[in-house]
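Hi,

Here is the structure I said I would pass on. Have a look at it first, and my notes follow below.

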Amino acid sequence: AQLVSTTAEAHQYLEEYFATFKTLSEYLESTKGFARKNGYTETLFGRRRQFPEMKSSLPYVRAQAERMAINAPIQGTAADVIKLAMVQVDEMFEKERALGDAYLLLQVHDELVYEIRKERINELSVQIKKIMESVLSSERTNGVPIIATMKSGPDWGAMHSA
């Protein structure tokens, strides 16, 4: 990460960033344009969030709505993906007769924390990772892989890569 100390450096950093990632800039602009025209954005799965503030007469309210409109499809799709993964993992637990050996403790953004009987950690964690990485096909992600990292340990603070 590059440290930025002046406004000029920040502008330069952003110009270089968007020059490197041209399609990102196009995505951001097209998403803002779509939200201005339609008043909403949607996740990859079609879940919509309305932005009536896009029509506000106050520039700072419109700018805030634009930022939220850009963020909503990204964070919303991530939320959809994690929910689908949770359902598929639960179905896998049922199929593998692991319901008494493993269960979801909590979800924290894009992390799932499971308590798994020690004897089944290796077996089930491999399957959980596979599910999380395959919720979306590579066609739906335009070839961008979803990569999950598995860790295990006696408590959340003592986790190590599996």
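To get your bearings: where is Thr149 found? Thr149 sits in the loop between H4 and strand E5 (151–152); helices (H or I, at least four residues) and strands (E, at least two) are DSSP runs, numbered from the N terminus. At 59% relative accessibility, Thr149 counts as exposed (buried is under 20% relative accessible area, exposed over 50%, partly exposed in between, with a 1.4 Å probe and protein chains only). Thr149 and Leu105 are 44 residues apart in sequence and 17 Å apart in space, C-alpha to C-alpha.

Before the rest, some ground rules. This is a predicted model, where local features need pLDDT of at least 70 and side-chain atom pairs count only at pLDDT 80 or more, while totals for chains, interfaces and linings use all residues. Residues are numbered from 1 along each chain as its sequence is written, and side-chain values use heavy atoms, leaving out hydrogens and water.

Now the helix packing. H3 (residues 59–95) and H4 (residues 121–134) pack at about 145 degrees with their axes 9 Å apart (axes are lines fitted to C-alpha atoms, for helices over the stretch in contact, and angles run from 0 to 180 degrees between N-to-C directions). On the H3 side, the contact is made by Ile82, Ala85, Gln88, Val89, Met92 and Phe93, and H4 brings Leu124, Gln127, Ile128, Ile131 and Met132 (contact means heavy atoms within 4.5 Å). By class, that contact has 9 nonpolar, 2 polar and no charged residues (Ala, Val, Leu, Ile, Met, Phe, Trp, Tyr, Cys and Pro count as nonpolar, Asp, Glu, Lys and Arg as charged, and the others, Gly among them, as polar).

Then the rings. There are 5 aromatic pairs, counting rings of Phe, Tyr and Trp (its six-membered ring) with centres within 6.5 Å; planes under 30 degrees apart are stacked, over 60 edge-to-face and the rest tilted. Tyr13 and Tyr17 have ring centres 6.3 Å apart and planes at 25 degrees, so they are stacked. Both lie in helix H1 (residues 7–20), 4 residues apart, about one turn of the helix. Tyr17 also pairs edge-to-face with Phe18, at 5.6 Å centre to centre and 85 degrees between the planes. Phe18 is partly exposed at 27%. Ring pairs link Tyr13, Tyr17, Phe18 and Phe21 into a cluster.

One last thing: Arg140 lies over the face of Phe45, 5.1 Å from the ring centre (the rule wants NZ of Lys or CZ of Arg within 6 Å of the ring centre and within 35 degrees of the ring normal).

Cheers
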